[in-house]
Amino acid sequence: MKTFFKFFYEICLMNINSHKIIKRLFTRTSFGLILLLAICSFENGLYAQEQSYHIKTVVIDAGHGGRDPGALGKSSREKDIVLNIALELGGYIEKYFPDVNVVYTRKTDVFIPLNKRSEIANKNKADLFISIHANANNNYRISGTETYTLGLHKTKENLAVAMKENAVMQYEDDWSTKYEGFDPNNPASYIIFNLMQGINRDKSISMAELTEYQFKHRVGRHSRGVREAGFWVLKQVSMPSILVEVGFVSNPTEEKFLKTKKGQDYLASAIFRAFRAYKDKIEQTSVVLHKQKENEEKIENEIENHENTAEQVEYCIQLKSSIKQIPLNSKVFRNLKNITERKINGTYKYTTGSTSNYSEIVNLQKTVRKKIKDCFVVAFYKGKRISLSKAKELQKT
């Protein structure tokens, strides 16, 4: 599939007029829109690999608003809670990352149609879309946070949440026509979301996992985990995106927490910390990709005798990355052994494990992930960072 998109992309570049004609043609059908978004995503991916990628724009979406109150608690409304959290979150990003442009779908109590929210994100060429919501359930005992990415629902419970959030479109005039006949109350309508989930899936899941980690370990909330479901507002955006359910207003104890300024600030700061970790991870990966290309070109010239190449490839598990040194006896490395500090391009990288056997490092990663969820496998050749694909290629020579 990726080869097909590359082939198609190159054809489009042969003639700028044909590129425009094809885009116009594709946008007239639902499949065309899906394919066009995939092509654009791939085109952006090609560009990102050539240059160092930086997150420049984040769109923060406070769910509901105006005539749509969202979920209702005994003394609270979803639209008020999530707006406060959204503004707090944006304030943190603006303060600590002044180079990042923060765009809000709403900053006041106004009604914004679902398609308008995604339009704002696409128009501003956002690098990340965060939609903030609060949940409700007939069972008042249920509590906890959930973070969703776009996908085909795997449980009835996930479908129910998507139906509740998508139902906002019924507040709009002529909504059935505007949303291409999609019925938020009909489970059969949700099959379309299975077609879209692959475009930005990995990055979206990464941001979702980091968010739930912060909710659980930094704020002490009950995390119900990362989930997939068909949310229209996520379907229409062309960048990594998540929909956060910060808690249940139907639960009396949780509603009390969600209503307070302190509770809202805690939740906003948790999402901010997840964003900070995501930004670091994405941007460091981009820099690494650029450096890897240079390193791999040098390695190609260096390798004349392939007899010991396989043994000179080293696989490790990266635990943390920081611009400041982290003591090796820090509690973040608790119960982990043989931690190695490496300074790469001005950034400190902390790894564990060292083997030339890829299967061994993957098995070790499964164990380490129980302690550090977002750890990942990296590869080195003669002390220089290389891609995993290059490492495997060298071991075949």
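First, a term: buried means under 20% relative accessible area, exposed over 50%, and partly exposed in between, with a 1.4 Å probe and protein chains only. On that cut-off, 48% of the 397 residues of the protein chain count as buried.

Now the ground rules. This is a predicted model: local features need pLDDT of at least 70, side-chain atom pairs count only at pLDDT 80 or more, and totals for chains, interfaces and linings use all residues. Residues are numbered from 1 along each chain as its sequence is written, and side-chain values use heavy atoms, with hydrogens and water left out.

The overall picture. The protein chain has 14 helices and eleven strands. Those are DSSP runs numbered from the N terminus: helices are H or I, at least four residues, and strands are E, at least two. Take contacts, meaning heavy atoms within 4.5 Å. Of those with a separation of 6 or more, 76% are between residues 24 or more positions apart.

Now to strand E4, residues 145-150. Why is E4 largely enclosed by the rest of the structure? Because six of its six residues are buried. Thr-145, Thr-147 and Thr-149 point one way. Glu-146, Tyr-148 and Leu-150 point the other way.

What flanks E4? Strands pair if DSSP finds at least two bridges between them. Five bridges join E4 to E5, residues 223-229, and these two run parallel. There, Thr-145 stands opposite Ser-223. Three bridges join E4 to E6, residues 241-248, and that pair runs antiparallel. Glu-146 has Glu-245 of E6 as its bridge partner.
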